[in-house]
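Colleague: I am new to reading models, and I would like to ask where the words come from. Could we look at one together?

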Amino acid sequence: MSENKKRQKVLVTGSAGFIGFHLSRILIKEGYHVVGLDNLNDYYDPQLKKDRLLELGIPSEELSDYNILIGSDKFENFGFIKLNLEDRINLPVLFSQEKFYKVVNLAAQAGVRYSLENPAAYIDSNVVGFANILECCRQHGVKHLIYASSSSVYGKNKKVPFSTEDNVDHPISLYAATKKSNELMAHTYSHLYGFPTTGLRFFTVYGPWGRPDMAMFLFTDAIMNDKPIKVFNNGNQERDFTYIDDIVAGVVKIVDAENSKGYSLYNIGNSKPVNVLTFIEEIERQLGKSALKEMLPMQPGDVERTWADVKSLKKNFDYVPSVKIKDGISEFIEWYKNYYPS
């Protein structure tokens, strides 16, 4: 990396989250000055988020203070701040003080099913919060905003693989609707202000330090503890499972790129759908234990298949996912057994 890039400061929101943690770690190693932001909410166990931050050198005992930038004990080029995206007072102050070169917005209220229970959390974080990010980027000279969208925007689209050229005007969950709204808002800012924005539709990311509400974690945890796993649509589902290292490698290529212009949107996935029952069978094989399966109908807001068309990401950023399912599952299981010793 050039000396110029080493001086560039990148804000990673959602840095205590699964993808945000992994991305922050790689950007730190690349030499960027990284500021992580997260509100450490309790959608899932906050201890997991704190332990991720501890890996980045942020002591857990310092995380009680709100809106205080904490320096890392391990990396001189990393700092962390506990802050809400919807904080219209303190977020602009942070942007003014830190003068970010680029921003990667991964913070969001996640989860399709939870959006049925607590819709307000999605509007606050994913819509109001994202609007604040856009405005802060515009007002404070950020050169490029990269942000997380989701494969959920495709809803019940039947044509596969899913393409960013497809119509996605019919989301089937509020979570998907908020992600679609992010894309529209980003397009508007790029159009009105010539501000570069790049949206990434993530496809079923899994791997070490993964979220406890995601399939990889739920299946492994249940099998290890002799509990039944819930298999929706009686197992007639396919997911474009994508290993975290492949995802992060793709995001880093976009962060590294110079001269970004206008509005762009990409799928980022493995582009090789796997049947959910096949996925479970591989976990069973590696654990040496059979799963107790509870076969259930399709959940509201869920879809039968996801499959990413990543041709444009390959063309423009040389994105080539390479981690095989069996290898990715192996890496997750090794982490799980270390993190939750029996």
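Modeller: What follows is a short talk about a helix, some backbone angles and a cavity. This is a predicted model, in which local features need pLDDT of at least 70 and side-chain atom pairs count only at pLDDT 80 or more, while totals for chains, interfaces and linings use all residues. Residues are numbered from 1 along each chain as its sequence is written, and side-chain values use heavy atoms, with hydrogens and water left out.

Colleague: What makes residues 325-339 a helix, and how do you know what span is expected of helix 11?

Modeller: Helices are DSSP runs of H or I with at least four residues, strands are runs of E with at least two, and both are numbered from the N terminus. Helix 11 has 15 residues. The expected span is 1.5 Å times one less than the number of residues, which gives 21 Å here, and helix 11 reaches 21 Å from its first C-alpha to its last.

Colleague: Which residues of helix 11 are called buried?

Modeller: Buried means under 20% relative accessible area, exposed means over 50%, and partly exposed lies in between (1.4 Å probe, protein chains only). In helix 11, I325, G328, I329, F332, I333, W335 and Y336 are buried. Down the axis, these residues fall within an arc of 165 degrees, so they line one face of helix 11; the arc is taken from the directions from the helix axis to the C-beta atoms.

Colleague: Why is N67 called partly exposed?

Modeller: The relative accessible area of N67 is 27%, so N67 is partly exposed. N67 sits in the loop between helix 3 and strand 3 (69-71), and its phi is near 65 degrees, a positive value in a residue other than glycine. Most residues other than glycine have a negative phi.

Colleague: And what makes N234 partly exposed?

Modeller: N234 has a relative accessible area of 42%, so the term partly exposed applies to N234 too. Its phi is also positive, about 55 degrees, although N234 is not a glycine.

Colleague: What makes a space a cavity?

Modeller: On a 1 Å grid over the protein atoms alone, a cavity is a set of points where a 1.4 Å probe fits but cannot get out, and lining residues have an atom within 4 Å of a point. The search of the whole structure finds one cavity of 30 Å³ or more. The largest cavity holds about 70 Å³ of space, where a volume is the space filled by probe spheres set on the points, joined across faces, edges and corners. Of its 14 lining residues, V205, Y206, M214, M216 and F217 are the closest to the centre.

Methods
On a 1 Å grid over the protein atoms alone, a cavity is a set of points where a 1.4 Å probe fits but cannot get out, and a pocket is an open set with protein on both sides within 12 Å along at least five of seven lines; lining residues have an atom within 4 Å of a point.
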